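Take a look at the model below.

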Amino acid sequence: MQGLAALLVPPVLMLFALAMERVQAGLDRLSVGRAHVEEFLDTADETDVGNLAKDGLPAALDELRQRRSNDETGDPVIPVDSDARNRAS
């Protein structure tokens with residue numbers, strides 16, 4: 001019985017470590033840095049603050065950048081409805 005445990009524990013532990021690495025990679029992708037927060041605070045308006053409260057900082061930053069790029073190209077700025085975006089996915 002001890003031999004079986006000695007053979008099974010290392011592979012199970014290795015699989016657990018690999019799974020946790022994948023979880024950490026996903027969390028790192030979702031996290032935002034200090035520069036992103038400062039950029040948002042410097043350029044945010046009332047709509048952006050509302051998006052921040054509703055969707056979180058990554059989504060609010062994406063929408064802010066999208067609106068800013070649309071402003072520079074001269075395209076009309078159409079606010080993105082986050083509920084419609086969630087229903088579509």
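A residue is buried under 20% relative accessible area, exposed over 50%, and partly exposed in between. E39 has 24% relative accessibility, so E39 counts as partly exposed. The model is predicted.

**Helix α1**

Helix α1 covers residues 2–30. It has 29 residues and reaches 42 Å from its first C-alpha to its last. That is close to the 42 Å expected at 1.5 Å a residue. The helix bends by about 25° at L8. A proline, P10, follows within four residues. F16 also lies in α1. Together with V9, L13, M20, V23 and L27, F16 makes a nonpolar surface patch of about 590 Å².

**Salt bridges**

Side chains of opposite charge can pair when their charged atoms come close. The structure holds four salt bridges. Among them are these:

| Pair | N to O distance |
|---|---|
| E38 and R34 | 3.2 Å |
| E39 and R68 | 3.4 Å |
| D45 and R67 | 3.4 Å |

R68 is partly exposed at 30% relative accessibility.

D45 lies in the loop between α2 and α3, and R67 lies in helix α4, so this pair ties together parts that are 22 residues apart in sequence. D45 is partly exposed at 35%, whereas R67 is buried at 16%. Shared partners also join E39, R65 and R68 into one salt-bridge network.

E38 and R34 are four residues apart in helix α2, so about one helical turn separates them. E38 is partly exposed at 40%, and R34 is exposed at 69%.

Key: Residues are numbered from 1 along each chain as its sequence is written. This is a predicted model: local features need pLDDT of at least 70, side-chain atom pairs count only at pLDDT 80 or more; totals for chains, interfaces and linings use all residues. Side-chain values use heavy atoms; hydrogens and water are left out. Patches are made of residues with over 30% relative accessible area and no salt bridge: like charges are joined within 9 Å, nonpolar side chains (Val, Leu, Ile, Met, Phe, Trp, Tyr) within 5 Å. Accessible areas come from the Shrake-Rupley method with a 1.4 Å probe; for residues, only the protein chains shown count as cover. A salt bridge is a side-chain nitrogen of Lys or Arg within 4 Å of a carboxyl oxygen of Asp or Glu. Helices (H or I, at least four residues) and strands (E, at least two) are DSSP runs, numbered from the N terminus. The expected span of a helix is 1.5 Å times one less than its number of residues. The bend at a residue is the angle between axes fitted to the seven residues ending there and the seven starting there. Buried means under 20% relative accessible area, exposed over 50%, partly exposed in between (1.4 Å probe, protein chains only).
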